[in-house]
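Please look over the model shown here. The report below covers its surface, its cores and its aromatic pairs.

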Amino acid sequence: MKLVLQFVLVGLFYATGALGECPSYTDYSATQHPPLSNGKYRIPSMRPPPECRTFSSPTIEAALHNITSYISDPDWRMLFANIFTNTLDTTVAWHDANETEPYTFLVTGDITAQWIRDSTNQILPYVPYAAMDDSIAALVMGLINMQAEELVGYPYGNAFQPPPRSGLYPTENGIAVDLLVEPPFDNSTVFEAKFELDSFASFFQISTAYWRATGDFQFMYNPSWGQAVSAILGAIEKLQEPTFNSKHLVNKPLVQYSRLTYTATETQFGGGMGNPVKYTGMAKTLFRPSDDASILPFLVPANAFLSVELNQLGFMLDSIGVYAELSGIAKTLSEEIRKGVFEHGTMLHPKYGRVFVYETDGYGSALVMDDANGPSLLGLPYMGFIAQNDPVYQSTRKMILSVEDNPWYFTGNYIHGIGSPHTGFQKVWPMAVAMRGLTSSDQVEVKECLDQLLATTSSLGLMHESVHVYRTLDYSRSWFAWCNSLASQFVVDAITRFPGII
């Protein structure tokens, strides 16, 4: 336990900059560090010194050495080293490696809080190595346990504070003010209470991904895990309900969020309930994975993701032979949601034919767009909802990758791709560029995506949240671990499918 405590303190001091020789990575990530690669872009080495890294794994270091041996481009070798290790190097704020019940708290990067969705995506590249490295297994299982505890405490939060036993202090959320949220939440444990449907799916995803990789289901012995699953399934059933009952009276909402603000994306319609819906089989959400408010409550890609992960959850429970009742509920919900997506989440577009829409309400309204944040329409094959060559997906893909037909697609002389209302006009998110590559079978398109990612780090050797399509130094967030992890997944996928591409 002494070793665990020592590690915790190193992670804490590194994150806060309290240890003199280990400055805050928020500052570190905004400045170049030697050595530089000897390629065209002179990519800097952005890994912190070994003594300042928040988690070390010889297995991951060996994997890094192996993967980079298949990359000939010196710029990409350096960039991949930076992004593949970024979550382990910089975001493990607390880890209790208890053999029977580990816990892990991952910060999202420059915001000292743990998002359910972000933390799952941050750690996914390391899950395949859990079966060969007990320390990685404990790290991943620790995240599952931590998320379960968080969701039992408040199922509708999207981001959480570190637990008191970690010794880390909660961070004040400067925008979580002037709120009316039901059920109420405690800001000392919940960093942000924006209900996002994909948080549920992300918790299921990391649970089933870890089990598939290792065969280990020890996390199920933690009472919080079963309680979290049961609470989530019950919440999904309530979220399927229409706004009005058979007597045309308002059904009591499960969750509400409204805020006194001048920013439209920071509050919800209908006194925090969201716009009205009819029953479709899909589940409502109040916010998107960008943390922006939804306009129409049935967010199609989030429902598609949830359908996939509910089915995976049912398969896991059946395979292990536990929680039979929960498994049955999960599989039923998966089918109902999937049916709802196809019956209500598509439309006949005058130019592209049958396409998936981004949001809908069951009344026939539809929002035609895509957002860079995952789950997205672009990422439907990545999440396992539909085949990459499916005609409806291909039509949707053409639409959302069009500057003429997706209002949030931007193009310039620096980068082109999908952006988000979260960062405004003419800013493209590199994670959308990576997702485009991950969902393409065209080597030329994949290479174009790789080239864009390499060229748009603003000479800082890491993936940003967003970058301006014309101004190379106009970016948001130099330290954004989710995108670093996703881009590293893309690189591994690309060099596997197209050897020698970089």
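## A nonpolar surface patch

Tyr363 sits in the loop between strand E11 (359–360) and strand E12 (366–367). The model is predicted. Tyr363 has a relative accessible area of 45%. That value lies between the 20% and 50% cut-offs, so Tyr363 is partly exposed.

## The nonpolar cores

The largest nonpolar core holds 138 residues. Trp76, Phe203 and Trp225 have the most contacts inside it. Helix H10 (residues 300–320) gives this core its largest share, 11 residues.

What does Phe203 touch, leaving aside its neighbours within four places in sequence? Its contacts are Ile116, Ile144, Gln147, Ala148, Leu151, Trp225, Ala228, Val229 and Ile232. Phe203 and Trp225 also belong to one aromatic cluster, along with Phe204, Tyr210, Phe219 and Tyr323.

## Aromatic pairs

The structure holds 25 aromatic pairs. One of them is formed by Phe217 and Tyr221, with ring centres 6.2 Å apart. Their planes meet at 50°, so this pair is tilted. Phe217 is partly exposed, at 28% relative accessibility. Tyr221 has a relative accessible area of 63% and counts as exposed.

Phe342 and Phe385 make a stacked pair, because their planes are at 15° and stacking requires an angle under 30 degrees. The ring centres are 5.4 Å apart. Phe342 lies in helix H11 (residues 324–344). Phe385 lies in the loop between E12 and helix H12 (391–400). The pair therefore ties together parts that are 43 residues apart in sequence. Phe385 is buried, at 2% relative accessibility.

## A covered helix

Helix H13 spans residues 430–438 and is mostly covered. How many of its residues are buried? The count is 9 of 9. The buried residues of H13 include Pro430, Met431, Ala432, Val433 and Ala434. Met435, Arg436, Gly437 and Leu438 are buried as well.

Notes:
Residues are numbered from 1 along each chain as its sequence is written. This is a predicted model: local features need pLDDT of at least 70, side-chain atom pairs count only at pLDDT 80 or more; totals for chains, interfaces and linings use all residues. Side-chain values use heavy atoms; hydrogens and water are left out. Buried means under 20% relative accessible area, exposed over 50%, partly exposed in between (1.4 Å probe, protein chains only). Helices (H or I, at least four residues) and strands (E, at least two) are DSSP runs, numbered from the N terminus. A nonpolar core is a set of buried Ala, Val, Leu, Ile, Met, Phe, Trp, Tyr and Cys residues joined through side-chain atoms within 4.5 Å. Contact means heavy atoms within 4.5 Å. Rings of Phe, Tyr and Trp (its six-membered ring) pair if their centres lie within 6.5 Å; planes under 30 degrees apart count as stacked, over 60 as edge-to-face and the rest as tilted.
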